[in-house]
Amino acid sequence: MSYRSYVGLEIHIQLATRTKVFCGCRAAFGDEPNTNICPVCTGYPGALPALNEEAIRKSYVVARALNCLLSPLCEFERKNYFYPDLPKNYQISQFASPLGRDGFLDLEFRKRRKRVRIRECHLEEDAGKMIHAGDQSLLDFNRAGTPLLEIVTEPDLEIGEEAEHLLQEFRRIVRHLGVCDGNMEEGSLRCDANVSVNVDGAGLGTKVEIKNMNSFRFVRKALDYEIDRQQDILERGGTIVQETRLWNENRDVSESMRVKESSNDYRYFPEPDLPPFRTDDAFLASVEASLVELPAERTARFVSQYGLQAAQAQFLCEERGIADFFEAAVAAGAQPSDAAVWLMGDVQKLLNRTGATLTESPLTPERLAKLLVLLGSGRIHGKLAKQTLEAVFTDDKDPDHIIAERGWEQITDPGAIGKIVDAVLAEQHEAVAQIRGGDDRPHGYLVGQVMRATSGRADPRLVQQVLGERLSLQFIQVLSFGGAISGTRRDDGVVVPGSLESLTRSLRDDPALPAGIRYDELDLGGFLSEEVTPRDWALLIRAIARHVAVGDTSGIVIATGTDTLSYTAALLSWLFGASLPIVLTASATTGDTAESRDNLRHAVQAAMNRTPGVTVVFGSRRYPAVNLKFERVTGESAETAFRTWNPGGVPEPGVGLWTNLQGATGSREPSQPGADLPDVEMLTERLEGAARRIFVAKVFPGMPAGALIALIDAGIRYFVLELYDTGTASVRETPFSLRHALEYAHQHDVTFFCTSQQEADVDFSTYVTSHDLWRGGAIPMGKLTTESVYARLLAILLTGAAGDGSDPKAVARMMESG
Amino acid sequence: MSASKTTGWHHLLETSADDYAEALRARDAAINGFLEIDTDRRRTPGGVSPPDDAPPDGAGPLAGLPLAVKDNIAVRAFQLSCASRILANHVAPYDATVVARLVAAGMVPVGKTNLDEFGMGSATEHSIAGPTNNPWDTDRVAGGSSGGSAAAVASGMVPLALGTDTGGSVRQPAAFCGIYGLKPTYGTLSRYGLVAYASSLEVAGLLSRELGMVRAAYEAASGVDSMDQTSVGLPDAQARPAAAVQRVAFLGGELGLDERTAQAYRRMREVAVGAGLTVEEVELATADAMMPAYYTIAAAEASANLARFNGVRYGERPIFAENPEALVRHARTEGFGAEVKLRVLLGTYVLRSGFQEQYYQRAQRVRTAIRRELASVFANHDLLILPVYPTVAFRHGETDLTAFQQKLADRFTTLANLTALPALSVPAGVYDGLPVGIQAMGPAFSEERLMRFAELVAAELPPERPPAYGVPLCDEIGSGGGA
Ligand SMILES: [Zn+2]
């Protein structure tokens, strides 16, 4: 039996107005009890309400932002009920004629786009608070009469996470509009819900109201709990009782508060003390003027206009102040991607440390732009840029002022650097001779000597360039990372791992490559591609990270094997993004063949063209690193071994997750380049830890749910699940379907990231079984391949991009933002 | 209305506040018009009127005049009991806007007057302080619910009093006591500080023997108040209905008047004709629907307005209660009188979901129909003249009129409340020892026209004083006479 759930929300927001909605008292949270009160808000005999214009305008602004029809006549009514915290024992509210109705909010959640209908928005006054102390009950009326806007959605939501998502989007909207701070813990944003479950196709079921959900997380948990509870009852042939239930956050269950035999009769009637509020043109114009670009639109614009990653755009648009700051910094000359990286990284760290908010900190958009321009033009380098930023916070001065004052300006004059390089070379006869003799190993040492001679102020790229010119060299780092390409074929025909030496030797002699190139070889182990371990990856990542940090190479070529190439390529791409040209290659045959030589040559040529980003060269073709599929074994003719799936769905290389581990400006380190890189042990440990929690599985007819459950019991927390088609699988009521595994996973906070066995766009929108998966909390990964999804998961867990990886929601968010 | 008659009041509080207080108490002993008396205008701290509030003596027509205020209107530092047990110990921390404005014009509140509990009644008999007696005949009621204010004025204890008029509560006691009672256009006197009974119907009203004083007080107290968003300013003089009276309509048909009232009504018509006015007769088609509509709306609003008196913040709280519900039940059972309970229950009944169409909304439609009918009357006539009440002041108890008959008898007065229009109760002579008042109603903002008509009547039928109270207190004290 297939079920459907219907969830509607009743959201209350306290409008951020200076005064209460019907009197002149301060509307403030957290003051001494009964200090912000007057005859009106305590219902004093004879006192009358007087509508606050700011509250009504802000209400209309929200209704407008939620695409509601705005009522030209806004009438108030009395809602009658006795409760000690309600001073008049009626609440001034709206009933027959709410200020806004029939609106909607467009959501995209788990690749499903949905229009959630807004039934109505109405303005009312809040009640006071009753505080129980021993056998006494005390009343605080500070909150009584603060303006409360209630937004009621139609039951268009289906699961807890989706409701949480809507609520968060709603919070972003009201914060952007500046009408509410959206704090659920302090109660400025409150949410009740109604839930019903019914057999699919049978319409709404019996409605149960859920209250006391005091955080976004509790909303998700309480709704999922309620949906499960109702579905269980229906499955056992029971009937749902119409009632109100309270979420008990300590016990993670809901408890029945009252059974609604007859609903409360609030005896609404028009409030005779308030004439209807009529909207006129001036008022409507002021409502329009208060509208701002909403976070969803703004996030999309940041991606399209500034080329930001979705995650970056989301971070910036979470707060209007940060988004405004970002755009002001860009307007003042900052590169958008730099500004985003700095705001998310170093600036955020400093704000966390100082406890300031961005808008009230000494950092202005102009100062950030100035700093980034100084950095971009090479007048300061990365480490000093960070120090300059800190100085802006402590000294409250402009960056150029700080740099001049402290003598931090970078040496960017090629002439000046040339002199220093010459002086160093003159002293280092031995190293120079070694390099000229073809041994490039002392290169890094020479760079270090130049940096030391300038107290770290020389521009490292310029040092590279000048040093290369003086020694007539261009450096390409060639990394040998297992695979047949560096192996040999034994006499019995079996391929065994080997080293790259013969290949690079042949590169030096290759007439098709320019003479000035110097190859630095690093052998990361002789193994076959299928044998790669987390430790091997750690070595590779560490080596690349060092080059990225030091900036001592113009490109990296990685020779590896075909079996795991799609995994390694995607992993590196997610990690390093567009930091350096990184080219992976492999061959179907051993290193001594013409195929291997050709592939390696093409890879070097690709690395030399200086386009940053990770790519794969195979045969005469070049592929993006993500969504590479090893489709067939072709023997000597390797041309069609690989294919890119969903080429339109391959993301452009961005900043790379590595920055989460390395800090925002890892690319330009000073005197001791790469000194603060994490070591191989730590990377290994993290990768192994991640690998222990991930499992890649493919659905197939007869798949036993029990096997997946056993894996969960064994510690697997993330599945990459290869479904059929656009995301289908069996969810029938049988042990040989995903059903029980999904339920078990849901209870254990285990996440399924779903890909397809076919070249498809997994979006769960087409089939009934997809819908069940979506409801079960599985996350569709769209056009990404299994290999790319697995690699991304590893990269996220390795770099701590989603914290320590223990919060599956944070991990899922990062996965979806790829 | 001539200035010489009122000069006695102007310096009274300045020169003999204590004597005045003593005389007030003495004279009120037989009337029971006051619930609280305090003539000391310098009650500080928290007193009603810091000395520098008032304009210099003689600066305005109201300067220095004592003011009695119905005890459902807030006067800072005076009690605000609404003649109810539930608010028995309640003291107002602020001034109602009408009080503040009259104080600003120089008037001095000297006491709070008796009423039917929360204004619900037409005899001032439903009061914790007992009934107020009519100065013309203390066996009879003073009318209600502003009976205390009317009796205080009629017996010469104060020159002017404030009342509230929800369905005739200013006009009917004024008629019973032989004085003027103005129920102004809804909204022109702020309701801020009036303990609400039926918000959409009630207004503050003025009671005095002197038309000039009614006029001056109305001028001083009216106008927009930011504390009451249903308040309205008076339109400019040229936008207001012209003050001149030419064509008047007398309500015709079977009116069910007692002999004295019928006689006064005929006399009024003669006066109008004699003054050269064009007199015609009209009947109202909506008359029968009026009382049910009025009681439905008034009770509905009352049920919500009185909900706040539940022992939590307002009202006598029991020392212990098991839970809030028990506390509320106890406080309301003990605190409210029978008439209030009746109306609250009635209001709760008519507002039940599923029954609103049958009662509340139907009443609102009737109200709209009455408004339309009155508009058509005033399209052709300057004023509508009609009785205030079908009888003269009746005797205490239910010997003359049952409670139900009393409610039905409000049919002439509720018209002005349902339509928000101004109406003035005008003394129309004394018949067999009892005064009769006749009502003049006009279109919105026609208060001046009503007073012109009253002047015209006064030329023929000047207001008289009750025989037992022929000398107002100011003159009694001024002439050295004691009580
Ligand atoms: Zn207040």
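Which residue lies over the face of A:Trp774, and at what distance from the ring centre? The model is predicted: local features need pLDDT of at least 70, side-chain atom pairs count only at pLDDT 80 or more, and totals for chains, interfaces and linings use all residues. Side-chain values use heavy atoms, without hydrogens and water.

**View 1. Arginine residues over aromatic rings in chains A and B.** A:Arg112 is placed over the face of A:Trp774, 4.7 Å from the ring centre. In chain B, B:Arg352 lies over the face of B:Tyr349, at 4.1 Å from the ring centre. A charge sits over a ring if NZ of Lys or CZ of Arg is within 6 Å of the ring centre and within 35 degrees of the ring normal.

**View 2. The aromatic pair of B:Phe118 and B:Phe309.** Rings of Phe, Tyr and Trp (its six-membered ring) pair if their centres lie within 6.5 Å; planes under 30 degrees apart count as stacked, over 60 as edge-to-face and the rest as tilted. By this rule there are 34 aromatic pairs over all chains. The ring centres of B:Phe118 and B:Phe309 are 5.0 Å apart and the planes stand at 40°, so the pair is tilted. B:Phe118 is buried at a relative accessible area of 1%, and B:Phe309 is likewise buried at 1% (buried means under 20% relative accessible area, exposed over 50%, partly exposed in between; 1.4 Å probe, protein chains only).

**View 3. The aromatic pair of B:Phe176 and B:Tyr389.** This pair is edge-to-face, with 5.2 Å from centre to centre and 90° between the planes. B:Phe176 counts as buried at 1% relative accessibility, and B:Tyr389 is buried with a relative accessible area of 1%.

**View 4. An aromatic cluster with members from chains A and B.** A:Tyr44, B:Tyr94, B:Tyr192 and B:Tyr314 form one aromatic cluster.

**View 5. The interface of chain B and chain A.** In contact (heavy atoms within 4.5 Å) are 39 residues of chain B and 31 residues of chain A. The two chains bury about 2800 Å² between them, 59% of it on carbon and sulfur atoms; buried area is the accessible area (1.4 Å probe) that two parts lose on being put together, summed over both. In chain B, B:Gln229, B:Arg308 and B:Arg313 lose the most area to chain A, together 23% of what that side buries.

**View 6. The salt bridge between B:Arg191 and A:Asp273.** The count between chain B and chain A is 1 salt bridge, defined as a side-chain nitrogen of Lys or Arg within 4 Å of a carboxyl oxygen of Asp or Glu. The side chains of B:Arg191 and A:Asp273 meet at 3.0 Å, N to O.

Notes. Residues numbered from 1 in each chain as written. Chains lettered and ligands numbered in written order.
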